Amino acid sequence: MAEVKLAAETRTDFGKGAARRIRRDDKVPGVIYGHGADPKHVTLDGHALMMALKTPNVLLRLDLGGKGGELVIPKEVQRDPLKGFLIHADFLAVKKGEKVTVEVPVHTEGELAPGGNLLEHMLNALPVEAEATHIPEGLTVSIEGLEAGHTVRAGDVPLPRGTTLAVDESTAVLQVVAAQTEAAPEEEAEGREGGEAAEGAPAEAAAEAAAPAEES
């Protein structure tokens, strides 16, 4: 995975008021954690960070005011629920060769077996352990020809070399379910007619019972 370099500034102002002022300047407040060090509070360009975060688990090298690069991965990102712009970001400091646990998106390829079956995603991302500088952007699993009732489990998903599962192999990731079929119009009509006849039968029987018997 290639590094994305971003300029960052160390900040000393905290609180909601300071965060609002930072966002008014189209910047985003963030915090860097990890390696037992005290958290570092930083400010980053909002647009540049948003573009970088289009890549899942992107590896970022933050240039802190020309004092050297800090290698980090995004850990938690907060966005405005309505407009979607970045509000705050937490980063995890990493080193080359260090193993980290992250969630990697699961993608599918191929077509299900004919029959209009449906594919359910039990997990959209799979927890894995990988080297910080070699985190896969995504995991691809084939669903070609899978029929209803088939379940793809974590152990079935191919992993790149150096990447291991951080979840039980039996964990369900994808499931193929049968498509629900609607009753044919003719069957529905027959059902209604049968019901009307059944409903009319007791009334007719009652009318016959109430009628006076014919004299012999």
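What percentage of the 216 residues in the protein is buried? In this predicted model, buried residues account for 30% of the 216 residues. The secondary structure consists of three helices and 13 strands. The points below cover the protein as a whole, then an open sheet of three strands, the pairing of strand β7 with β9 and with β10, and the residue E70 in strand β5.

**Overall features**

- The accessible surface of the protein amounts to about 13700 Å², and carbon and sulfur atoms contribute 50% of that surface.
- Of the contacts between residues at least 6 apart in sequence, 63% join residues that are at least 24 apart.

**The sheet β8-β13-β11**

- Three strands form an open sheet in the order β8-β13-β11, and their pairing is antiparallel.
- The edges of this sheet are β8 (118-121) and β11 (151-153); each has a single partner strand, so one side of each is left without a neighbour in the sheet.
- On average, neighbouring strands of the sheet are turned by 15° against each other, with direction ignored.
- Four bridges connect β8 with strand β13 (residues 172-177) in the antiparallel sense.
- H121 has L174 of β13 standing opposite.

**Strand β7 and its partners**

- Strand pairing in a sheet runs through backbone hydrogen bonds and may be either parallel or antiparallel.
- Strand β7 (residues 99-109) pairs with strand β9 (residues 125-131) in the antiparallel sense, over seven bridges.
- Opposite P105 stands A125, which belongs to β9.
- With strand β10 (residues 139-142), β7 pairs in the parallel sense, over four bridges.
- L139 in β10 is the bridge partner of V106.

- E70 is located in strand β5, which spans residues 69-79.
- The relative accessibility of E70 is 19%, and E70 therefore counts as buried, the cut-off being under 20%.
- The side chains of E70 and K40 are joined by a polar contact of 2.9 Å.
- Leaving aside residues up to four places away in sequence, E70 touches I32, K40, L60, R61, L62, L64 and A93.

How values were computed
Residues numbered from 1 in each chain as written. Predicted model: local features only at pLDDT ≥ 70, side-chain atom pairs only at ≥ 80, totals over all residues. Heavy atoms only, no water. Pairing = 2+ DSSP bridges. Helix = DSSP H or I, 4+ residues; strand = E, 2+ residues; numbered from the N terminus. Axes fitted to C-alpha atoms, helices over the stretch in contact; angles between N-to-C directions. Buried < 20%, exposed > 50% of the residue type's maximum accessible area, 1.4 Å probe, protein only. Contact = heavy atoms within 4.5 Å. Areas by Shrake-Rupley, 256 points an atom, 1.4 Å probe, with all protein chains shown as cover. Polar contact = N/O pair within 3.5 Å; in protein donor to acceptor, adjacent residues only side chain to side chain.
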